[in-house]
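Thanks for coming, everyone. Let me put the sequence and the model up on the screen, and then we can walk through the contacts together.

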Amino acid sequence: MTEHRTDIIILGAGPAGYTAAIYTARASRRPILLTGMQPGGQLITTTDVENYPGFANVIQGPWLVEQMQAQAEHMGTRIIYDHIVSIEAERRPFRLIGDSGDHYLCDALIYATGAQAKWLGIPSEETFRGFGVSACATCDGFFFRGKRVAVVGGGNTAVEEALYLANIASEVVLVHRRDTLRAERILQERLFGNQKIAIRWNSEIQSFVGDTAPAKVSGLLLRSTIDGTTDKIDVDGVFIAIGHAPASGLLEGKVDLHPDGYVKVTPGTTTTSIPGVFAAGDVADGIYRQAVTAAGLGCMAALEADRYLTIHSDSRQGALAEIEAA
């Protein structure tokens, strides 16, 4: 077992984590970034990225992550590939225990583990993920301008995605396995009043249809939840909108969480209910879930963590001075 000790530890290797690493390294805080099991977060599974500022042409998600990592390392961040299995946050220094057996100690922790989109889990979904199957209309809707797309789900997220896509696509088909929606009434009214949106009630996806070399979705095979009959519809893209799961499990029972599992932070900040623990990116953001907003929150967390350590250091030095004077 090796014990690593530093000022700030960043947990998570997505846009929030890497941005926090860049800023804390520039502040000479000797940050350690622990990657977890999926370095790069959701950008690793994103093919074309068109809405990240600074790039006129489409870029690849994995390439963008590589550039973030290279910049963080260039600034002086120490990146360790380890999966954290538990966090002791009752007292400082905070202690993180890795799957490797190593222990990591810090005075400030930036928790940036992200969130994962919930998928249907059918075999053909993996084949077409990133090739016509997406979990983010805001991210990928532009690629389907003037085309026919489907949205899967029946809650607020699904209805909001369908309404957003109706401004871009030629037609939107909302596929829902029940005969009523769970979305708020005002959203349902907007949905029902939009002539570009059709609804397939009591239907679930049995499989995605399309070419595999190269991969490209061309349709959906739907199964009736009432009588089991199947039929095929033609679509150019499919957006899965059945929710997200924030990776907040390591903080459960330690910091305040929202009912849906997102880390609760003081509005306008990244501070959690534990002084010295900051949450940034999608793990604390159940609304926007964009790479650029995650990066912004990572910047905020870094600045707040640096300020926290400065104040704490000044307070400790002041207390020591009083003891020595006495």
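Let's begin with the rings: there are 6 aromatic pairs in the structure. Rings of Phe, Tyr and Trp (its six-membered ring) count as a pair if their centres lie within 6.5 Å; planes under 30 degrees apart are stacked, over 60 edge-to-face, and the rest tilted. For Y52 and F55, the ring centres are 6.5 Å apart and the planes stand at 40°, so this pair is tilted.

Before I go on, a word on the source: this is a predicted model, where local features need pLDDT of at least 70 and side-chain atom pairs count only at pLDDT 80 or more, while totals for chains, interfaces and linings use all residues. Residues are numbered from 1 along each chain as its sequence is written, and side-chain values use heavy atoms, with hydrogens and water left out.

Back to our pair. Y52 is buried, at a relative accessible area of 16%, and F55 is partly exposed, at 31%. Buried here means under 20% relative accessible area, exposed means over 50%, and partly exposed is in between (1.4 Å probe, protein chains only). Y52 and F55 also belong to one aromatic cluster with W63.

Now please look at F144 and F239. Their ring centres are 5.6 Å apart and the planes are at 80°, so this pair is edge-to-face. It links distant parts of the chain, 95 residues apart: F144 is in the loop between α4 (137-140) and β11 (148-152), and F239 is in strand β17 (residues 237-240). Helices (H or I, at least four residues) and strands (E, at least two) are DSSP runs, numbered from the N terminus.

One more ring before we move on: R129 lies over the face of W119, 4.0 Å from the ring centre. For that label, NZ of Lys or CZ of Arg must be within 6 Å of the ring centre and within 35 degrees of the ring normal.

Strand β17 takes us to the sheet. Here 5 strands form an open sheet with parallel pairing, in the order β10-β17-β11-β12-β13. Two strands pair if DSSP finds at least two bridges between them. Which strands stand at the edges? They are β10 (133-134) and β13 (197-200); each has a single partner strand, so one side of each is left without a neighbour in the sheet. Between β10 and β17 there are 2 bridges, in the parallel sense, and V133 stands opposite V238 in β17. Helix α5 (residues 156-166) lies across β11, β12 (171-175), β13 and β17, and runs at about 170° to β11. Contact is taken as heavy atoms within 4.5 Å; axes are lines fitted to C-alpha atoms, for helices over the stretch in contact, and angles run from 0 to 180 degrees between N-to-C directions.

On to charges. The structure holds 12 salt bridges, each a side-chain nitrogen of Lys or Arg within 4 Å of a carboxyl oxygen of Asp or Glu. One of them joins R29 and D7, at 3.9 Å from N to O. That pair links distant parts of the chain, 22 residues apart, with R29 in the loop between α1 (15-26) and β2 (32-34) and D7 in strand β1 (residues 3-11). Both R29 and D7 are buried.

E171 is in strand β12 and R148 in strand β11, 23 residues apart.

R200 and D231 form another salt bridge, at 3.0 Å, N to O. R200 lies in strand β13 and D231 in strand β16 (residues 230-234), so this pair ties together parts 31 residues apart in sequence. Salt bridges that share partners also join D7, R29, R30 and D306 into one network.

Now follow β16 to its partner. Strand β15 (residues 215-224) and β16 pair in the antiparallel sense over 5 bridges, and L221 has K232 in β16 as its bridge partner.

Last, some backbone details. Where are the cis peptide bonds? One joins R92 and P93, and another joins A213 and P214; in each case omega is about 0°. R30, from the salt-bridge network, has a positive phi near 50°.
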